[in-house]
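The entries follow in the order in which I looked things up.

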Amino acid sequence: MTNMNVRFCTILSLSIVVPALAFAQQTPQSLADAELPSLLAIYKDVHSHPELSGHEERTAALIAKELGAAGCEVAEHLGKYADPKFKGYGVIGVMKNGDGSTVLVRTDMDALPVEEETGLPYASKVTSKNDEGKDVHVMHACGHDAHIAVFIGTARALAKLKDQWHGTILFVAQPAEELGTGARALLKDGLYDRFGKPDFALGFHDKADMQIGHIGVTEGYTYANVDSVDVTVRGVGGHGAYPHKTKDPIVLAAEMINSWQTIASREDNPLDPIVVTVGSIHGGTKHNIIPDEVKMQLTVRTYKTDVRDRVLAAIDRIAKGCAVAAGIPPERAPIVTVRKDEFTPATYNNPELTKRLVAVWKEQLGAEKVEATDPTMGGEDFSEYSLPDHSIPAVDFHIGAVDPAKIAEYKQAGKELPSLHSSKFAPVPEPTIRTGIVAMTAAVLELMKK
Ligand SMILES: [Zn+2]
Ligand SMILES: [Zn+2]
């Protein structure tokens with residue numbers, strides 16, 4: 001080979017490489033990498049300034065600013081709550097790119113009354129008054145701060161990938177997820193009337209026992225219907241030494257609690273998961289007084305609507321039946337109240353949409369990094385965006401947030417990892433945010449591709 005030829009080859013290869021670099025196609029991965037340093041700064045800022053549900057003023061302003069900078073038309077202060085003490089801090093960013101379908105992308109943004117014990121340099125030291133006027137510590141113990149970083153990163157990435165999609169993206173920053181009221185407040189404030197009903201809705205949550213770099217998704221039901229039920233057991237009080245002159249509501253409450261457990265074991269189809277938990281019971285003041293009443297608070301979890309209806313009816317029937325058996329007069333029958341305004345519907349991942357997105361994620365992240373996760377009886381008001389009949393196909397997926405070495409260490413020690421809502425929970429931010437952006441961006445591109 002002569003010198004001439006070498007020079008010719010160099011020039012030729014340069015002339016191919018330079019334009020290729022200049023026009024290298026941007027990908028969800030390359031865009032996520034480019035945005036990570038600034039998103040990490042946002043994450044740490046939000047992490048150290050957590051706000052309680054329904055009070056997300058600073059967080060909402062930050063998100064509104066970032067969505068505007070990413071090229072969205074932004075609407076702020078959305079949300080109509082049943083309880084007027086909450087202000088609407090919902091933020092909607094509309095990213096338009098010609099005709100096409102509408103896809104909703106949702107983040108939550110509220111924090112929890114938890115005192116942070118992660119020891120991180122950017123740990124929260126914030127205290128705030130809760131809605132009962134009590135001073136509480138506040139912490140992003142559910143990772144909604146990481147969700148915000150993923151959400152902003154996704155908006156930035158999709159703004160730069162406009163040559164690859166068409167349609168409208170509704171970026172929804174939802175307040176008060178932890179109360180289960182934020183999504184409903186946005187819909188009540190005309191989210192779909194004002195910004196259009198989406199063709200698809202996408203949500204995500206970090207997962208406290210899944211390794212970083214992985215995502216997980218469940219086909220079908222993934223979170224449960226959540227009902228809160230109040231029960232007041234009424235008896236006839238008196239002296240603890242003379243039970244024969246009373247109708248003891250404490251013994252009666254105990255009967256009810258045990259009988260309610262037979263709903264799962266004897267009344268329900270074993271293939272339909274249900275949970276009836278009595279989380280609170282209060283009655284009486286002193287050793288030797290039989291009180292007049294006992295108050296209980298229940299959480300009831302189901303998936304299917306007909307199962308939900310049957311379980312709630314059974315709770316009522318059993319409470320009243322136990323009272324009759326105990327000889328409680330009809331005018332002192334127990335009062336069973338289902339708190340309709342606190343209901344969170346089950347989250348149902350549309351199977352067809354889930355399969356479609358799983359295929360995309362396997363391609364983008366690697367097949368081994370997309371896990372089929374088990375459904376849980378937890379609750380998530382992302383379900384509201386799908387509407388009660390699930391007529392808007394929706395998928396809510398998990399993002400791994402834990403170092404695999406830590407998972408192995410805890411497993412070996414036979415210990416449970418810090419769960420969501422734990423004072424010790426914190427995602428490993430960079431890979432969690434990166435994976436979230438890649439997964440969400442790829443999902444939106446799939447649904448809106450040119
Ligand atoms: Zn939570
Ligand atoms: Zn959460």
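Entry 1, metal site. I began with the sequence spacing of the donor residues of the zinc ion (ligand 1), which reads C-x35-E-x242-H. I note that the model is predicted.

I then listed the protein donors of the zinc ion (ligand 1): C142 through SG, E178 through two OE atoms, and H421 through NE2.

Next I checked the geometry. The angles among the four donor atoms run from 54 to 151 degrees, and the site is irregular.

I asked which residue coordinates both the zinc ion (ligand 1) and the zinc ion (ligand 2). It is C142, and the two ions are 3.1 Å apart.

C142 sits in the loop between β5 (135–137) and α4, and E178 in the loop between β6 (167–174) and α5 (182–188), so the pair ties together parts that are 36 residues apart in sequence.

I turned to α4 (residues 144–160), which packs with α11 (residues 429–448) at an angle of about 45 degrees, the axes being 8 Å apart. The two helices are therefore oblique to each other. I recorded the crossing of α4 and α11 as right-handed.

I went through the residues that make this contact. From α4 they are A146, A149, V150, G153, T154, A157 and L158; from α11 they are T432, I433, G436, I437, M440, T441, V444 and L445.

Key:
Residues are numbered from 1 along each chain as its sequence is written. Chains are lettered from A and ligands numbered from 1 in the order in which they are written. This is a predicted model: local features need pLDDT of at least 70, side-chain atom pairs count only at pLDDT 80 or more; totals for chains, interfaces and linings use all residues. Side-chain values use heavy atoms; hydrogens and water are left out. Axes are lines fitted to C-alpha atoms, for helices over the stretch in contact, and angles run from 0 to 180 degrees between N-to-C directions. Helices (H or I, at least four residues) and strands (E, at least two) are DSSP runs, numbered from the N terminus. Angles under 35 degrees count as roughly parallel, over 145 as roughly antiparallel, 65 to 115 as roughly perpendicular and the rest as oblique. A crossing is left-handed if the near helix is turned anticlockwise from the far one by less than a right angle, and right-handed if clockwise. Contact means heavy atoms within 4.5 Å. Donors are N, O and S atoms within 2.8 Å of the metal (3.2 Å for Na, K and Ca); water is not among the atoms, so sites may look incomplete. Four donors count as tetrahedral if all angles lie between 85 and 135 degrees; four count as square planar and six as octahedral if opposite donors are over 155 degrees apart and all others between 65 and 115; anything else is irregular.
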